[in-house]
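Have a look at the two partners first, then read along.

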Amino acid sequence: MGAIVKKPRVLDAAALGELFEALKAAGHTLIGPVPRDGAIQYQPIDGVADLPAGWSDFQDKGRYRLNETGEASLFDYASAPQSWKRYLHPPRLKLFSARREKGRIRFDDEAEPIPKYAFIGVRACDLNAIAIQDRVFIGNGQIDPHYAARRERAFLVAVNCSRAGGTCFCTSMGTGPRAETGYDIALTELIDDRGHRFLLETGSDAGESIAAGLDAAAAAPEDIDAAAAISERVAGNMGRSLDTEGLPEILAKNLSHPHWDAVAERCLACSNCTMVCPSCFCTSVEDTTSLEDGTAERWRDWDSCFSGRFSYVVGGQVRDSTRSRYRQWLTHKLSYWHEQFGSSGCVGCGRCITWCPVGIDITEEAAAIRATDEA
Amino acid sequence: MPEAAAVADPMVPVPYRVLRQRREIDGVHTLDFEPAEGRTPFRALPGQFNMVYAYGIGEAAISLSGDCDDTKTIRHTIRKVGAVTAGLCSLGKGDSVGIRGPFGRPWPLDEARGADIVVVAGGIGLAPLRPAIYGLLAKRERYGRIAVLYGSRSPEELLFLDELKRWRGRFDLEVEATVDHTTGGWFGQVGVVTALIDRAGFDPDNAVALICGPEIMMRFCARELEHRGMSPADIYVSMERNMACGVGHCGHCQFGPEFVCKDGPVFAYDRVEPIMTLREV
């Protein structure tokens with residue numbers, strides 16, 4: 001990622017478009033927050049006008065609402081329903097096409113153009129989620145070339161949260177609210193009597209080289225203090241908390257705990273939590289043949305440990321009950337992930353709580369097992 | 001971040017051609033494959049598996065069942081249980097498949113040097129153990145006593161019967177077989193394979209056990225071996241889960257903290273015993 005350069009600058013809000021233009025000029029496709037269909041969505045954007053100016057969100061168990069605030073702020077919302085995962089690890093991807101030629105199979109590993117993204121508005125929790133998926137797809141012995149190619153080309157503009165969401169608990173997971181590492185440029189939106197502006201920090205050579213071309217003066221101590229105060233206030237306003245002390249061990253030795261049955265009574269095994277989770281990485285492949293010309297294809301789709309055939313072996317599903325599927329998800333995320341990848345699989349973004357249709361809360365379920373740890 | 005330039009996609013198979021196929025028992029076929037082009041040696045270790053692709057149908061994880069010293073051909077013994085395996089079993093000489101692999105951790109043949117070896121197989125579980133038996137016999141002088149204990153449901157389902165008879169004729173190998181039930185014409189032992197463990201000749205303080213079969217059979221065998229005084233750390237089992245990618249990316253084969261495809265399929269029993277005794281892990 002190159003040397004980390006810390007020379008905070010200040011960028012006037014009116015000049016934010018310059019940053020976007022510089023990224024476009026460097027060949028990046030901008031993906032940023034857009035208010036659409038009643039939610040903040042990370043989608044292709046042209047410029048500042050697409051950003052959710054004056055929009056904020058309300059989040060709680062199974063609840064999400066966008067509200068108009070009438071404020072000038074551009075980034076005054078918490079986690080969007082979908083994370084950046086869908087761009088680095090696409091929900092559906094063709095892996096190859098194949099045809100039979102003179103009795104043998106020819107595999108065509110089509111080299112499709114790899115998108116070169118710039119993500120605008122990556123929160124600290126999601127930076128950590130990207131770092132987790134780096135360990136899954138790049139640092140795990142075998143490289144997923146599709147992920148790696150997208151990741152290598154991506155430019156990350158973090159925007160520090162100015163508000164904690166109702167289901168947020170990044171402070172518990174040590175992943176936020178302030179972006180500490182893993183970004184190219186980090187912004188903090190400041191709105192006060194000194195004006196509407198962004199504190200701009202660089203975290204990589206690529207970030208520094210883009211920032212150097214902007215009309216951004218060195219930040220005043222007041223700007224730096226104002227940004228720090230925002231992160232401090234957000235840290236104190238988390239909607240949820242999770243006690244992680246000894247949690248991996250507690251969960252691993254409570255696989256027979258009766259609380260799994262209690263969760264299963266509510267859980268629909270709908271897989272929403274895994275779809276919105278920024279670190280969940282499971283997929284299935286589908287092999288098909290064309291009736292037209294006999295060519296075969298392999299497609300990879302996101303899958304979930306909650307889905308029906310996920311654990312299929314000859315004779316049936318290993319995990320047939322909802323109880324065992326929820327237990328798999330929670331123990332993987334909060335316990336076994338440490339052994340597999342050296343960190344928790346949870347970054348405290350709160351999406352699984354917000355988007356659970358029956359309001360199951362990962363922090364409550366983990367706490368319930370801790371409270372009655374009998375093993 | 002590591003450079004990813006020019007990394008081959010581990011999800012794209014390599015074309016292979018069927019050299020020959022034979023029916024072993026009802027519903028079980030052995031297929032030999034050679035590369036469709038070129039002669040890149042295929043290096044694998046006993047206990048590893050490949051993902052074998054039936055054109056347009058899909059892929060299945062199949063253990064190697066041949067001699068791993070033969071780097072020219074790949075041998076798989078396949079039981080017809082679904083669309084992919086039925087597709088593979090219907091192939092004949094010259095037909096094409098795709099193969100990815102080898103994947104997974106092998107049987108600990110090097111670590112077992114100097115020890116007595118107890119091989120316990122149940123049903124089709126003899127197929128993934130056969131490369132280990134070849135490996136043991138190829139370097140016979142490295143090991144102490146070797147026992148091969150095999151159980152199947154019925155006499156008709158005993159796999160590799162000719163080979164079992166050949167092995168049984170050797171003075172440096174103890175081979176015992178048992179069947180769960182018989183309809184007549186079988187004058188061998190009847191009963192579960194665990195019963196053979198009691199009588200097998202090995203020194204529990206200096207033995208390594210290799211077990212492959214249904215999960216319940218492996219658990220009872222491990223328990224029986226522990227009764228005879230073996231340490232769970234010297235007992236190895238080969239686990240089956242839904243191995244789909246082979247490289248720890250798809251998540252399907254997770255078994256507690258393990259990815260069976262890359263941390264297994266062969267595990268020391270002390271590592272998996274706590275979760276193997278629970279349901280639906």
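1. Let's start with chain B. Its domain assignment (bounds from an automatic or database source) gives domain 1 (14-103) and domain 2 (116-276). Taken over C-alpha atoms, the centres of these two domains of chain B are separated by 22 Å. A word on the ground rules: this is a predicted model, where local features need pLDDT of at least 70, side-chain atom pairs count only at pLDDT 80 or more, and totals for chains, interfaces and linings use all residues. Residues are numbered from 1 along each chain as its sequence is written, while chains are lettered from A and ligands numbered from 1 in the order in which they are written.

2. How do the two domains of chain B meet? 21 residues of domain 1 are in contact with 20 residues of domain 2 (contact: C-beta atoms, placed from the backbone, within 7 Å). On the domain 1 side, β1 (14-25), β3 (49-54), β4 (58-63), β5 (74-79) and β6 (96-103) of chain B each supply at least two residues; β6(B) gives the most, with 3 residues. Strands here are DSSP runs of E, at least two residues, and helices are runs of H or I, at least four, numbered from the N terminus. By class, that side has 9 nonpolar, 6 polar and 6 charged residues (nonpolar: Ala, Val, Leu, Ile, Met, Phe, Trp, Tyr, Cys and Pro; charged: Asp, Glu, Lys and Arg; polar: the others, Gly among them).

3. Now the contact between the chains: 49 residues come from chain A and 38 residues from chain B. On chain A's side, β13(A) gives the most, with 6 residues. The residues on that side divide into 23 nonpolar, 14 polar and 12 charged.

4. Helix α4 (145-153) of chain A is worth a click: 7 of its 9 residues are buried (20 or more other C-beta atoms within 10 Å of a residue's own, C-beta atoms being placed from the backbone). Among them are His146(A), Tyr147(A) and Arg150(A). The buried residues of α4(A) pack against α2 (85-88), β6 (92-101) and α3 (124-137) of chain A.

5. Finally, the largest nonpolar core has 189 residues (buried Ala, Val, Leu, Ile, Met, Phe, Trp, Tyr and Cys residues joined through C-beta atoms within 7 Å). Its largest share, 8 residues, comes from α3(A). Ala209(B) is one of the residues with the most contacts inside this core. Leaving aside neighbours within four places in sequence, Ala209(B) touches residues including Val118(B), Leu225(B) and Tyr236(B).

Note on methods
A residue is buried if 20 or more other C-beta atoms lie within 10 Å of its own, exposed if 12 or fewer, and partly exposed in between; C-beta atoms are placed from the backbone. Two residues are in contact if their C-beta atoms, placed from the backbone, lie within 7 Å.
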